[in-house]
Amino acid sequence: MKKTNLSDYNPAEVPSGRDYRVGIVVAEWNREITDALAQGAIDTLREHGVEEENIQLVHVPGSFELTTGADLMLSNDEELDAVICIGCVIQGDTRHFDFICEAVSQGVTNVALKHEKPVIFSVLTTNDMQQAQDRAGGKHGNKGVEGAVTALKMIKLKKELES
Ligand code: RBF
């Protein structure tokens, strides 16, 4: 199968984020990667009209803590419309990779359902650093960009269904 740059999207299909408030929680592990993903997400939110003061950025130690971070953000600010979770878990010699990936993916789902808000999974789970670099502004795009686009689309969907 041909590998495409999945960060190529049609900007016309992305809702305006002018009145949206978005949280971003970023893991400090593999920070070279997670900072690039966070920047991609912030730039994309700004390009689609989200005001700078309506973007809240916090850091947590590792990807395992992303769901707690998202939960705390949503509990402390009822006006937040969505949270984007950004991390990078790289396969090592032990089974930690599996436990962390399983906990974060399930945890993101649980936090979203608990708060009834979109919580976006922008966590790279790769075999090595090269695969992570390829997806953090490299040849396969930037998954932070995709996370921001997903957040905007999901916020719009929630608002449409509620109106
Ligand atoms: N956190 C990450 O975000 N990415 C990793 O690749 C990663 N690898 C880890 C490997 C080991 C052996 C351990 C103990 C932790 C790792 N963590 C990683 C940190 C993890 O997400 C969490 O911060 C700690 O386990 C503390 O709860």
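Is C88 buried or exposed in this model? A few notes on that and on the ligand site follow.

1. First, a caveat: this is a predicted model. With that said, C88 counts as buried, because its relative accessibility is 2%. C85 goes in the buried class too, at 0% relative accessibility.

2. If you were hoping for a disulfide, the whole structure has zero of them. For C85, the closest cysteine sulfur belongs to C101 and sits 14 Å away, so the gap is too far for a bond. C88 is in no disulfide either, with the sulfur of C101 again the nearest cysteine sulfur, at 9.7 Å.

3. On to the ligand, which takes up the space of the largest pocket. The residues around the ligand are W29, N30, G62, S63, F64, E65, C88, V89, I90, H96 and I100.

4. In terms of secondary structure, β3 (82–90) and α3 (96–115) each put at least two residues into the shell around the ligand. The biggest giver is β3, with three residues.

5. E65 uses a polar side-chain atom, 2.5 Å from an oxygen atom of the ligand. C88 comes in through a backbone N or O atom, 2.8 Å from a ligand nitrogen atom. I90 also brings a backbone N or O atom, this one 3.1 Å from an oxygen atom of the ligand.

6. As for cover, the ligand on its own has 550 Å² of accessible area, and the protein covers 69% of that.

Technical notes:
Residues numbered from 1 in each chain as written. Predicted model: local features only at pLDDT ≥ 70, side-chain atom pairs only at ≥ 80, totals over all residues. Heavy atoms only, no water. Disulfide = S-S within 2.5 Å. Buried < 20%, exposed > 50% of the residue type's maximum accessible area, 1.4 Å probe, protein only. Near = heavy atom within 4 Å. Polar contact = N/O pair within 3.5 Å; in protein donor to acceptor, adjacent residues only side chain to side chain. Areas by Shrake-Rupley, 256 points an atom, 1.4 Å probe, with all protein chains shown as cover. 1 Å grid on protein atoms, 1.4 Å probe; cavity = no way out; pocket = protein on both sides within 12 Å on 5 of 7 lines; lining within 4 Å. Sits in = over half its atoms within 2 Å of the grid points. Helix = DSSP H or I, 4+ residues; strand = E, 2+ residues; numbered from the N terminus.
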